[in-house]
Amino acid sequence: MEFLLIIIVALLAIIAVVVIFNFLGNRKARQAEQDALRERTYRPGDPFSSADDDSVYGDPRDLKPGDLVELRGQTYAVRGTLRLTQDGYTWTENFLDTGVGSKAWVSVEDDPDLEVVLWHELPGATVTPGPDTVEIEGRRYQSEEAGSARFTSAGTTGVAASGRMAYHDYQAGNDRLSFEDYGSGWECARGELLSRADYRIYPTNPAPETP
């Protein structure tokens with residue numbers, strides 16, 4: 001009888017050990033599954049990031065002299081780049097030329113969303129900045145921002161290598177109007193907001209990779 005009790009106790013102990021190990025194993029499995037699910041479903045980052053578009057169309061933030069830009073089927077070369085800085089905020093303006101008479105500028109801002117604008121100069125404009133609204137060629141524009149910034153120039157831009165400039169920007173929907181003075185008086189340009197499908201960038205002479 002005593003021997004039978006010992007066997008029963010031993011069997012109960014074995015069963016208890018198996019149950020405990022199964023419980024711990026299942027618990028670890030459930031924890032691992034939850035961790036994996038959390039890893040799959042939580043991806044910190046900007047949901048409106050343009051990184052995927054940059055890999056297809058090129059990153060306009062990296063434009064530099066020598067790059068090629070295809071704008072709605074027409075190919076331009078970047079002849080020069082202006083980098084402007086105001087109170088820690090930086091944007092660029094890039095001088096484009098087809099080589100056969102068609103010239104333009106493309107500005108690139110990232111505050112916080114990427115904004116790429118195609119600009120054409122209006123050399124015959126008679127209006128000057130200052131009022132809350134200005135009208136040119138039948139379109140009325142509302143004052144958006146005015147100020148001054150420091151600039152540096154690379155390549156061919158038509159301005160000094162560095163200095164200070166003043167600007168006054170106006171807006172009407174997706175249309176832009178900008179006045180800039182790099183030291184020789186106000187120059188006027190009309191701008192059009194570009195979508196990612198409007199342009200494609202072909203970098204040349206990429207910077208060497210950092211080891």
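Which residue takes a positive phi in the hairpin of β1 and β2? The points below answer this and describe the surrounding strands.

1. The model is predicted; local features need pLDDT of at least 70 and side-chain atom pairs count only at pLDDT 80 or more, while totals for chains, interfaces and linings use all residues. Residues are numbered from 1 along each chain as its sequence is written, and side-chain values use heavy atoms, with hydrogens and water left out.

2. Arg 72 takes a positive phi near 50 degrees in the hairpin of β1 and β2, which has two residues between the strands. Strands here are DSSP runs of E of at least two residues, numbered from the N terminus. β1 (residues 68-71) and β2 (residues 74-86) pair in the antiparallel sense over four bridges; pairing requires that DSSP find at least two bridges between two strands. Leu 71 stands opposite Gln 74 in β2.

3. β2 and β3 run antiparallel and are joined by nine bridges, with Thr 81 opposite Asn 94 in β3. In their hairpin, which has two residues between the strands, Asp 87 takes a positive phi near 50 degrees.

4. β2 also pairs with β7 (residues 139-155), in the antiparallel sense over six bridges. The bridge partner of Leu 84 in β7 is Phe 151.

5. Glu 93 lies in β3 (residues 89-97). Glu 93 is buried yet has no salt bridge, and the nearest side chain of opposite charge, Arg 176, is 12 Å away. Buried means under 20% relative accessible area (1.4 Å probe, protein chains only); a salt bridge places a side-chain nitrogen of Lys or Arg within 4 Å of a carboxyl oxygen of Asp or Glu.

Note on methods
Buried means under 20% relative accessible area, exposed over 50%, partly exposed in between (1.4 Å probe, protein chains only). Lys and Arg count as positive and Asp and Glu as negative; His and the chain ends are not counted.
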